[in-house]
Each structure stands twice: as C-alpha cells, then as structure tokens.
Amino acid sequence: MDSATIRKQFLAFFEGKSHLIVPSAPLVLKNDPTLLFTNSGMVQFKDYFLGHGTPKRKRIADTQKCLRVSGKHNDLEEVGIDTYHHTMFEMLGNWSFGDYFKKEAIEWAWELLTEVYKLPKDRLYVSVFGGDKGDNLPVDTDAIAYWKNIVAEDRIIHGKKKDNFWEMGETGPCGPCSEIHIDLRSDEEVKKISGKELVNNDHPQVIEIWNLVFMEFNRKADGSLEKLPAQHVDTGMGFERLCMAIQGKTSNYDTDVFTPLITFITENARVQYGEDEKTDIAIRVLADHIRAVAFAIADGQLPSNTGAGYVIRRILRRAVRYGYTFLNFKDPFLYKLVPILANQMKDVFPELHAQLDYVTRVIQEEEISFLRTLEKGLGLIQNEIGNSFAENLKMFTSPLSKLTNEMVDQLAPLQELTSKLAKFYIKQTQDSINIMRELSEKYFDLTKGKSSPVLSGEKVFELYDTYGFPLDLTSLIAKELNVGIDEKGFYSEMEKQKSRSKIDASKETGDWVLVGKDSKSEFIGYDNLESEVKIIKYRRLKQKNKELFQIVLDKTPFYAESGGQIGDTGYIESANEKIFITDTKKENDLIVHFADELPENLGAKFNAVVNKSKRRLTMNNHSVTHLLHAALREVLGKHVEQKGSLVNEKITRFDFSHFAAMLPEEIQQVEDRVNAKIREDIHADIRQNVPLEEAKKLGAMALFGEKYGDYVRVVTFDPTFSVELCGGTHVASSGNIGLFKIISESSVAAGVRRIEAITAETAEQYVRQELTLLDEVRVMLKNPKDLITSVKNLADEKHALEKKLEAINQEHANNLKDQLITKAVHKNGSHLIIEKVSVPTADALKNIAYALRNQFDDLLLVLAADVDGKPQVTVMLGEKVLETKKYHAGEMVKTLAKEIEGGGGGQPFFATAGGKNIQGLDAVLVKAKQIIDAQ
C-alpha cells in the first residue's frame with residue numbers, strides 16, 4: 001500500500017465515523033506567543049480545548065504538517081542520525097470536542113490499524129497512564145478496562161507520567177494518554193527478547209505509532225491541574241512511522257515518503273544508500289530537511305536571523321553542511337529537490353506546488369549565500385590553526401640553548417611552512433590546505449606527539465554561532481590536521497549564550513483570574529472607537545523584570561495586532577480612574593489588552609476609548625497597502641504576492657515576491673498608479689461573512705500561510721483593481737489617504753523585495769522637507785538655470801582636486817621614504833629605522849612601511865606617526881629579521897601602543913596601533929630603542 005493510499009484510507013475511515021475532514025493549518029503560527037511552529041495536530045484546535053472558540057463540528061479529522069526543532073519537542077539533533085526522527089512530519093489525527101471519549105477512541109484506533117491496515121495484532125502493544133503521586137492522579141483504570149476488551153492483559157503496559165501524560169507545554173490543556181506501539185523486528189529477534197521490554201526504550205524497530213490523548217485537565221502557571229469544562233479526545237499518529245509499519249520497512253526513510261528524494265540525492269552524489277554510515281546520515285538529513293524548509297517558506301516563513309526564520313535557516317544550513325562535507329555538493333543542490341517534493345505532495349498540500357518557482361529560488365539563493373560563509377569558516381579554521389602552530393613553535397623554541405643541532409635542522413622547514421601559510425591567511429585554497437597538512441605532520445613528528453596546538457573553545461563556538469559549523473564538523477577538520485579542540489571551552493560558551501537568551505526571553509505568565517462570567521470577547525472596532533465595557537478576566541505578566549497586566553474585555557473597540565496591522569492603544573476609564581492601554585494583541589482568538597497597571601475596582605463599568613488619531617493614520621497606511629499590492633501586480637506582473645507587511649501610524653512596509661531590484665521608472669509607475677487611485681476617491685466596499693469560495697470568485701487572493709475560516713471579510717477598492725481578504729481596519733474611501741510616497745525599495749531576503757512608504761500628513765511633510773532641501777541647494781549654487789548640470793560640474797571639480805591631492809600626498813610619501821632610507825642605521829645585522837613622522841593618511845604610512853621592506857630585507861622599522869592629528873605606531877620587519885625570531889611585530893606594537901594610550905596588533909612581520917595621546921609619540925621612540933637594545 002503506497003503512502004497516498006494510507007493517508008486517504010485514514011481520512012475516509014474517520015469521515016465514515018461522522019468526522020469533518022479539515023485541511024492542515026500552516027506550519028508557521030500567527031497569534032500564538034507560546035509557539036513558533038505548529039508542532040502537533042492539536043495546535044489549530046487549542047482554542048476549542050481552552051473554551052475560547054466553538055468548533056465547526058464536534059468530530060474532526062485531518063493530516064497536519066508539523067515541525068519540531070526547538071523548545072519542549074526538540075528533535076533536530078536526532079534527525080538523520082536515527083531512522084525515525086524528523087523535522088517536518090505529518091500527524092494524522094482525530095478529535096472529539098466534548099463528544100466521544102476513551103471507549104470510542106480506543107476501539108476505533110484498533111479497528112483502523114488491524115482491520116483496515118491489517119497490521120498484525122501479535123506485534124502491537126498498548127500503554128496506559130499508571131498514575132502520578134506528584135499530581136495526585138490515579139491509574140487510568142477506564143483505559144485499562146477498554147483495552148482488556150480488545151487485547152490480552154500482558155500486552156498492556158503501565159506507563160509513567162513522562163510517557164503517558166501528554167502536555168502541550170508548561171501550561172495549557174493536558175491529560176492521560178494511551179499509546180499504541182508496534183514491534184517491526186524479525187521473528188528471530190522477537191524470540192530472543194519480547195517487544196514489551198523494548199517499548200519506550202528508543203529501539204528503532206519498536207516504536208510508538210499512535211498516541212490517544214484524553215484531554216481532561218488544564219495545567220496552570222503554578223503547576224496545579226484544574227478540570228476542563230468538557231472532556232476531549234486528541235489523537236496523533238505519525239504518518240511516516242505508520243507507512244514504515246504498513247510497508248514492512250525498518251526505517252521511515254525506506255518508505256515511498258522519502259525514496260523519491262533519496263534516489264535523486266544518491267544519483268547526483270554518485271553514492272549508494274546503505275553502504276556507508278556517514279553518507280547515509282547525510283542523505284537522510286537532506287531528504288528530511290528539504291521538506292521542513294520548503295513547506296515553511298511556502299507557508300510564509302523566510303529564512304532570517306531571528307525567531308522562526310532563524311530556525312528555518314539553521315535547518316537549511318545543517319543540510320548544506322552535510323551535503324558539502326559528506327556528499328561533495330560544493331554547489332547549491334537542495335533547491336533541485338523542491339520540484340520532486342512539490343509533485344509528490346501536490347494532492348494533499350498544494351501550496352508548495354503552487355509556489356514552486358518562488359520557493360526554489362529562495363532556497364537556491366540561501367544556499368549560494370551559505371556556501372560563501374562555509375568557505376569563510378573553513379578559512380578561519382585554517383588561519384586559527386596556523387596561528388596556533390606559530391605560537392606553539394615559538395614556545396617550543398624559546399629556550400634556544402636546549403635545542404640540539406638535529407632539532408634546529410628540523411625546525412627550519414616548519415618555520416618556512418608557517419611563513420608560507422601566513423601568506424595565504426584566510427584564503428580557502430587547496431595550496432593552503434596542503435601546506436597546513438604538511439605543517440601538522442612535521443610538527444607532530446618533531447614533538448613526538450607530546451605537544452599539539454589546540455583550537456580554543458571561543459573560536460569553536462564562533463564557528464558554530466557565526467558560520468553554522470557544528471562541533472563534530474570542526475572536530476573532524478581539526479583531527480585531520482592533528483589539532484585538538486577545547487570542547488570544555490566550547491560548551492562553556494554555549495552555556496553563556498543560553499543564559500543570555502534566557503534573560504532576554506524570560507517571561508513569567510500568571511494564570512487568568514476571572515472577574516465576571518467567562519465569555520468570548522467581541523470586537524466592535526470596525527464601527528466604534530469607544531464603548532462601555534466590562535473586564536472579564538486578567539493576568540499578570542512579568543517580562544525583563546517589568547510587571548505588566550493583560551486584560552480581556554467583554555467587548556472591545558481596540559483592534560488586536562493582526563495581518564501586519566499593529567494593535568490599537570488608548571485607555572479604559574471608570575468614574576474614578578483611567579488605565580492606559582499600551583498595546584492590543586491576539587492570543588489565538590482571544591483579544592488581550594496590555595496595561596502597566598490594573599484598575600482598583602475591577603468590577604466597575606469602563607468606557608473604552610481608542611486613540612483616534614493613531615487609528616486614522618494606521619487605516620490610511622493599511623488601505624494604501626492594498627492599493628500598492630494591486631499596483632505592483634500591474635507594473636511588475638502577476639507573480640507578485642504579499643510576503644509580509646507592517647502597518648502602523650507612521651509607515652507601511654510591504655514585502656513581496658520579486659527577484660530583481662525595481663527600476664526607478666517602475667517605482668515611479670507604481671507610485672503614480674496608487675496616487676491616481678487615491679484621487680479617484682474610491683469607496684471601500686467591505687463585506688462581512690462572505691463564503692470563502694464566493695470571495696475567491698470575486699477575485700480575492702488567499703495568501704499562502706494564512707488560515708481562513710469558511711466565512712471571510714472582503715475589502716474591495718474598485719473590483720477591477722483591488723479585492724483582498726482582510727480583517728484589518730480601513731478608510732471609508734481612498735481619497736482619505738491624501739498622498740502616497742515610496743521612500744525606499746530594497747531586498748529583504750532571497751526573492752523578496754521590500755517597499756517602505758508613507759501617506760497623508762507624513763508624506764506631505766516628507767515632500768516639503770525635500771523641496772526645502774532642494775531650495776537650499778539652489779541658493780548655495782546661486783540659483784543656476786540647470787541645477788543638475790551645476791551639481792555634476794561641482795562633483796567633477798571635486799574629483800579632479802582629489803586626484804591632485806592624491807598626487808601631492810604620494811610625492812610627500814616618496815620624499816619621506818627617501819629621507820628615512822638615509823636615516824637607516826646598520827645595527828646588529830639589520831637596517832634600523834626609528835623615527836617620528838607626519839603623514840596625511842594611515843594608508844600612506846602603510847605604503848611607506850612596505851616600500852622600505854622592499855628596500856631592505858633586513859629591515860627593523862618603528863615609526864611613531866602623526867596621522868592627521870591622531871597618533872599611530874607602525875612596526876615592520878624584513879624577511880631576514882623575521883627569521884631570527886628575535887622580534888614579533890604584533891607583540892612589539894602592543895607594548896609601544898601603551899605610550900599613546902592605545903592598542904593594536906597584527907602579523908609577525910607587520911603590525912599597527914592607534915591611540916589617544918599624541919604627546920606620547922616621543923616616548924614610543926624611547927621605548928622602541930629600549931626593546932631593541934635589550935635583544
């Protein structure tokens with residue numbers, strides 16, 4: 001039975017049990033501060049469990065895209081190493097909201113597995129909750145009784161809270177669960193040890209396939225449990241594991257869920273899957289990670305450096321690293337897997353196939369970017385190891401009197417190799433790799449393996465954090481070069497970062513405290529900006545050592561942040577006090593108002609008042625975003641789709657799919673088109689509760705990654721121009737916007753551009769300032785007839801003067817170099833120059849130093865320089881002086897820099913330092929002479 005049939009039979013089975021089949025929610029979550037991604041099938045139904053919403057039907061079933069890489073359900077490091085963990089996976093599930101409970105859930109699960117899927121009954125085991133003293137919870141005797149009617153008692157396992165009490169997170173709905181496990185081992189293995197003994201012991205062939213959760217409780221912030229208003233069923237069955245069991249495989253990756261991807265990978269890598277563990281892991285990583293990355297992007301989450309975007313970037317880069325290191329994919333490859341995946345999933349998750357070109361381009365651009373970073377990281381490893389060799393060599397040779405003639409002879413080629421390596425510095429070339437390898441071998445022989453350079457924990461962590469190198473990859477490279485790594489230091493740096501993150505993200509959320517009867521809050525802010533309200537409930541929130549309060553009202557005119565539009569601010573006022581509302585947000589479907597304090601009389605009647613000026617300006621910017629979207633599609637093409645937005649009272653920021661920077665004339669066309677629509681003063685046709693399919697027929701675009709109900713709100717500005725699904729607040733007619741001005745167009749990610757624009761008074765002020773600036777320029781240029789020509793002539797004149805000044809400075813540098821040559825003193829086998837000079841630029845000083853090094857191969861140069869009024873010290877050593885190992889430019893300059901109250905460093909032959917005290921330049925000369933005389 002193929003995977004598509006397995007999925008269809010699951011949905012058909014529960015449809016036959018009167019369940020409504022619903023589509024998967026997006027992977028990327030909005031309006032849920034507790035999660036970055038949908039990590040289980042129940043997430044889209046959380047409000048129903050909490051009593052904040054009413055389901056369409058009491059019985060529902062679906063297959064849900066899930067992603068687990070962070071937080072409580074962190075599987076990322078296991079993915080690819082074993083054969084049954086994944087980043088993205090499908091969760092088949094059936095739900096009962098206050099309808100059937102344990103009996104039906106258990107009986108139907110067994111019926112589907114054994115009668116429809118024909119899984120062998122003698123290979124199935126079930127576990128039940130065995131009670132917990134800490135929570136004062138008894139054994140789940142009901143579940144045991146129902147299972148005894150189906151299976152022998154010796155197949156029922158009493159599980160601990162860790163395995164058989166399911167919790168969504170630290171707080172929220174939870175309850176005992178009953179898991180169904182299957183033993184996929186061979187008959188020979190089964191005879192040796194019973195599968196019962198291997199349940200929940202991480203055996204790759206004795207695995208859980210279905211978890212039946214009986215939602216009875218709500219975990220409060222203080223850790224206590226309270227009964228939910230109604231009993232619910234939440235079941236989740238891992239689709240990939242189910243396919244493995246039905247198809248008779250011993251690995252998820254051997255099923256037809258993954259084999260099309262794996263076949264393509266192995267053909268392109270020219271390796272066989274199953275022959276080498278290292279390449280097998282890499283193949284599994286690529287086959288798994290492309291699913292998570294592609295669907296996250298399709299659902300609206302672009303790779304980035306923060307939040308959910310950072311998680312997606314980490315997954316993508318982990319795949320690139322494995323492909324680069326173990327499969328020899330030196331060029332972008334992951335993006336080539338997207339068409340295979342899209343075609344495979346188009347019938348169940350069509351969003352990827354619909355955006356195939358866009359998702360492919362984004363992934364390809366991300367790969368190109370990271371491969372550059374990967375090369376830099378490899379170069380950094382070489383550079384650090386080279387420096388480490390040099391330092392160890394210096395320490396090893398410091399007591400020169402103890403070196404034998406044989407050891408001195410051995411040191412010569414090492415020093416030569418170290419010098420060669422310095423010339424490559426951070427360049428990632430095969431020559432530098434070969435030199436590094438030869439250096440490490442000679443060093444290892446010289447020290448008899450007793451001394452080895454060590455890559456510091458700080459550097460290993462920098463490679464991990466900045467360049468995306470995992471510890472095992474750095475270890476592998478270092479081991480090849482006979483170099484150790486400071487693992488203890490690495491983990492210490494990791495803990496420091498975790499501590500910083502915990503402090504930054506620390507948030508304590510209290511339990512809701514009811515003031516009146518709990519009910520769903522109603523939003524009335526489309527038509528009202530103030531209203532009489534009552535407080536339903538509140539809770540305390542402590543974030544970054546500041547106490548805030550979250551308040552829920554029975555009805556509210558405050559718009560909660562959603563769809564890119566920021567939340568309203570304002571105040572609630574009773575007869576005796578006024579409480580300012582600093583923000584309004586959604587938590588799932590609950591409208592939450594933020595305040596710095598609570599009213600003294602929580603039961604009073606309040607007048608809720610929205611900040612009208614802020615709302616009006618925000619509406620201008622939201623409505624113009626719709627006009628902008630339509631204009632972009634007219635000018636650039638129908639491939640343009642919204643990929644994100646921010647709308648507040650100051651600006652509208654609109655992200656859209658497009659793979660090239662907009663031309664100036666295109667920006668002007670878009671701006672002109674929007675302003676033309678503003679001048680038409682188009683009435684905003686806003687229709688509530690329109691059936692979704694009818695809205696689509698009207699031309700409304702449903703954005704990928706957004707979750708829509710059966711009924712939607714449609715906002716139209718001219719049915720031939722702009723029709724969108726939108727829950728935001730809007731102007732009554734486009735003329736209210738006044739003026740639209742684009743102030744920037746830029747890239748925000750691969751394949752995504754960003755426009756920032758302003759409207760109304762803000763746009764007028766911007767234009768006024770620009771015109772004032774233009775007038776000032778005209779006055780400064782004495783009101784020329786042709787302003788552009790005058791500015792161009794001025795720029796040309798400036799460029800010519802800069803060229804003349806450059807020539808003068810070069811002549812001055814040449815004269816100064818010649819003067820310094822005449823001042824060179826031959827001392828102790830070197831040409832010694834210690835002088836105070838004055839130069840216009842730091843580059844001039846550097847050029848003089850290199851010119852003198854070309855003049856003398858035994859140069860020992862110290863210059864104390866006045867660089868345009870700022871003190872600087874330069875030390876340069878010739879090749880012969882460097883070979884004596886008496887001096888190190890970097891160490892010398894650090895000592896000399898103290899005289900000018902500064903610091904610096906550099907390479908063994910050349911180093912510079914800057915400082916604050918120009919009066920200390922004379923002291924630099926004195927100190928330099930002391931250092932040289934001491935040798």
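The model is a predicted one, where local features need pLDDT of at least 70, side-chain atom pairs count only at pLDDT 80 or more, and totals for chains, interfaces and linings use all residues. Residues are numbered from 1 along each chain as its sequence is written, and side-chain values use heavy atoms, with hydrogens and water left out.

**Histidines of helix 19**

- H626 sits in helix 19, residues 612-636 (helices are DSSP runs of H or I with at least four residues, strands are E runs of at least two, both numbered from the N terminus).
- H626 counts as buried because its relative accessibility is 3% (buried is under 20% relative accessible area, exposed over 50%, partly exposed in between, with a 1.4 Å probe and protein chains only).
- Beyond residues up to four places away in sequence, H626 touches V715, S722, E724, C726 and H730 (contact means heavy atoms within 4.5 Å).
- H622 also belongs to helix 19, and its relative accessible area of 5% makes H622 buried.
- Setting aside neighbours within four places in sequence, H622 contacts residues including Q565, V647, C726 and H730.

**Strand 19 and its partners**

- Strand 20 (residues 578-587) runs antiparallel to strand 19, with four bridges joining them (pairing requires at least two DSSP bridges between two strands).
- These two strands form a hairpin with four residues between them, and I572 stands opposite I579.
- Strand 22 (residues 606-610) also pairs antiparallel with strand 19 over four bridges, placing V610 opposite G570.
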